[in-house]
Protein chains: 2
Amino acid sequence: MKASLIIIGNEILSGRTQDKNLSYLANWLNEIGIQLAEVRVIRDEEEIVVETVNYLRSTYDYVFTTGGIGPTHDDITSLCIAKAFGVELEINSGALGILKEYYKDGELTDARMKMTKMPVGSELIENPVSRAPGFKMDNVFVLAGIPSIMQGMLEGARKHLTVGEVVRSKSIDVFTPESNVADALTDLQNKYSEVEIGSYPFNKDNRFGTSVVMRSSDETKLKNCESELKELMKNYDTKY
Amino acid sequence: MKASLIIIGNEILSGRTQDKNLSYLANWLNEIGIQLAEVRVIRDEEEIVVETVNYLRSTYDYVFTTGGIGPTHDDITSLCIAKAFGVELEINSGALGILKEYYKDGELTDARMKMTKMPVGSELIENPVSRAPGFKMDNVFVLAGIPSIMQGMLEGARKHLTVGEVVRSKSIDVFTPESNVADALTDLQNKYSEVEIGSYPFNKDNRFGTSVVMRSSDETKLKNCESELKELMKNYDTKY
């Protein structure tokens, strides 16, 4: 099972805001056996949002979007999802019920009513944090951009997801430059084709080193690969 | 002038590593009048890297890539760039000279030699941190993934970039939910079409609020827009 994430928002692309949803979603999906295979960060412009949604929803099992479902003029995600699916936006009666309960009489202004409008055919995704819900349209999950709210909505999205084979990982930090261990890692990767071996250089406390990460859904092969790696690295300072 | 960034690396998509290059590059480009318009985070698989590079280099003025230019088996970026441009990989004499100077006799192993191989026609981009250089191929800038090295390489990339109109920004934090200011912001955006007004909800010290960000290359319009916004928000607690 493979998923993609579309981060919609000029504030990420301007460098003003550091995205926190990518790594959270990646780890969350990983635990239920779904691989985050691609992420796109795009401007909140209708044409590009529509095009990106349509490409990714036909390419991956699931698409998640974050951002752009609030009450202001720059919140265009719901409209774009409707256009991507070729349907109209309508007031979702479930969403209306939730907001009517949350706001006092007279407080449900036009701006707030915008948050009840969803593409025809969508299913609500609950928002346990600030009430205004997200939604699911076919295999596309439309979530808020604020990390705490996005994380709350994910719990509601879970029941719609078919879980896959869980991928486990092991990692070893070796305190030597990558180029010293490159040949050994190539041999190990060739031997363990079912384990994905990644090598990532780091600089921790002014010491250069290499993080070796092994990932596989086959626990036995993962363990064997780890043992061999430990043996191969025994002459270096390492940390597990 | 518009640019895109391709973050190549399974370690970002697995959630193991938090990317730091996006926001740095965004801010750096912003200061020289280039807009970061799109970012893609992709797996280090040949087909998808080649396809992504080819799409983005024909769509934007500049493409930056980070990651995958080291000495290990999972470093496939240089090969992919060569394939995207339909040229061969060759030992770059400039890169070879740099590594020969850096490593003692006999230390320039096959794994390290991998870092001298670049697509035919590429120009070196210096690496002031750990020597092994990046390169530029037409409008594609191929940089390291480690933030400190990527940042050092950017300085070398600068002379190849045509700067654009610098976009300035102003922002105001208003301590009230977005939905209370949505109508005022819509009117303001309609009045100032040359200012991009973004509205971003936040939760700071347990207070919900709205960050309003105004961006424009026209300083006078930006100032006028800011003054009007301050006037509009005068009944709320605000922070500049």
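This is a predicted model: local features need pLDDT of at least 70, side-chain atom pairs count only at pLDDT 80 or more; totals for chains, interfaces and linings use all residues.
User: Which residues in H2(B) meet residues in H7(B)?

Analyst: On the H7(B) side, the contact is made by Pro147(B), Met150(B), Gln151(B) and Leu154(B). By class, the contact has five nonpolar, two polar and no charged residues. The residues that H2(B) brings to the contact are Asn21(B), Tyr24(B) and Trp28(B).

User: Are H2(B) and H7(B) roughly parallel or roughly antiparallel to each other, and why?

Analyst: Two packed helices are described by the angle between their axes and the distance between the axes. Here helix H2 (residues 21–31) and helix H7 (residues 147–157) of chain B have axes 11 Å apart, at an angle of about 20 degrees. Angles under 35 degrees count as roughly parallel. The two helices, H2(B) and H7(B), are therefore roughly parallel.

User: Is the crossing of H2(B) and H7(B) left-handed or right-handed?

Analyst: This describes how one helix is turned relative to the other. As H2(B) passes H7(B), the crossing is right-handed.

User: Which are the edge strands of the open sheet in chain B?

Analyst: Let's start with the order of its four strands, which is E10-E11-E9-E12, with antiparallel pairing. Inside that sheet, seven bridges join E9(B) to E11(B). An edge strand pairs on one side only, and this holds for strand E10 (196–204) and strand E12 (238–239) of chain B.

User: Which residue in E11(B) is the bridge partner of Asp173(B)?

Analyst: Strand E9 (residues 168–174) of chain B runs antiparallel to strand E11 (residues 207–216) of chain B. In E11(B), the partner of Asp173(B) is Ser211(B).

Note on methods: Residues are numbered from 1 along each chain as its sequence is written. Chains are lettered from A and ligands numbered from 1 in the order in which they are written. Two strands pair if DSSP finds at least two bridges between them. Axes are lines fitted to C-alpha atoms, for helices over the stretch in contact, and angles run from 0 to 180 degrees between N-to-C directions. Angles under 35 degrees count as roughly parallel, over 145 as roughly antiparallel, 65 to 115 as roughly perpendicular and the rest as oblique. Two residues are in contact if their C-beta atoms, placed from the backbone, lie within 7 Å. Ala, Val, Leu, Ile, Met, Phe, Trp, Tyr, Cys and Pro count as nonpolar, Asp, Glu, Lys and Arg as charged, and the others, Gly among them, as polar.
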